[in-house]
Amino acid sequence: MKKMILNQYGSVDVMQMVEAAIPEPAAKQIVIKTAAIGVNDPDIVIRANGPFPTMPKELKPVLPHSLGQDFSGIVTAVGDDVTRFSVGDHVVGMAFMSTYSEYILLDESAVVAAVPKELDLVPLGGFFLGVATAYGATIRDG
């Protein structure tokens with residue numbers, strides 16, 4: 001599969017297309033063939049300057065890594081213990097890096113939702129992070 005990675009931070013020229021193996025799911029993981037991905041401000045800033053100083057340690061990317069957060073696609077493989085998804089499901093979601101890839105490996109419990117197969121997956125590729133941002137900016141508890 002093709003995957004876009006960074007070995008250093010800087011201009012757009014630091015992005016490199018590489019060949020990688022299609023991931024195999026563990027017991028509670030799913031593999032998604034991406035239909036579309038979002039390119040968002042955090043991707044651009046991290047590519048240029050590295051991780052945000054305020055990012056939680058567990059979310060900070062370590063070089064080499066792949067950018068990308070939101071995606072749409074089709075589930076192509078599921079681990080033996082997966083119950084939420086089946087091969088062929090159309091999904092949208094958000095990962096915390098690594099969606100600049102033809103295939104994504106995620107835990108079944110990740111931020112992923114099935115969508116009707118009638119929906120066009122291409123415009124949904126950049127949907128999730130925008131919705132999460134708008135929700136966080138407008139919905140407040142108490």
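**Close-up views of a predicted model**

**View 1. The largest nonpolar core.** The largest nonpolar core holds 11 residues in all, namely Ile30, Ile32, Phe71, Val75, Val82, Phe85, Val91, Ala95, Ile104, Leu106 and Val112; a nonpolar core is here a set of buried Ala, Val, Leu, Ile, Met, Phe, Trp, Tyr and Cys residues joined through side-chain atoms within 4.5 Å, and buried means under 20% relative accessible area, exposed over 50% and partly exposed in between, with a 1.4 Å probe and protein chains only. Two or more residues of this core come from each of β3 (29-37), β4 (70-78) and β6 (103-107), where strands (E, at least two residues) and helices (H or I, at least four) are DSSP runs numbered from the N terminus. Apart from this core lies another, of seven residues, among them Leu6, Val14, Leu67 and Met97. The model is predicted, so that local features need pLDDT of at least 70 and side-chain atom pairs count only at pLDDT 80 or more, while totals for chains, interfaces and linings use all residues. Residues are numbered from 1 along each chain as its sequence is written, and side-chain values use heavy atoms, with hydrogens and water left out.

**View 2. The open sheet.** Five strands form an open sheet in the order β6-β3-β4-β5-β7, with antiparallel pairing; two strands pair if DSSP finds at least two bridges between them. The edge strands are β6 and β7 (111-115), each of which pairs on one side only. From one strand to the next the twist averages 40°, taken between axes that are lines fitted to C-alpha atoms, with angles running from 0 to 180 degrees between N-to-C directions.

**View 3. Strand β5 and its two partners.** Strand β5 (residues 90-94) pairs with β4 in the antiparallel sense over five bridges, and five bridges also join β5 to β7, again antiparallel. Val92 in β5 stands opposite Ser72, and Val92 also stands opposite Ala113 in β7. Both faces of β5 are covered, with His90, Val92 and Met94 buried on one side and Val91 and Gly93 buried on the other.

View 4. Pro42 has its place in helix α1 (residues 41-49), and Pro42 counts as partly exposed because its relative accessibility is 23%. Leaving aside neighbours within four places in sequence, Pro42 is in contact (heavy atoms within 4.5 Å) with Phe52 and Gln69. Tyr100 is 58 residues from Pro42 in sequence, and the two are 13 Å apart in space, C-alpha to C-alpha.
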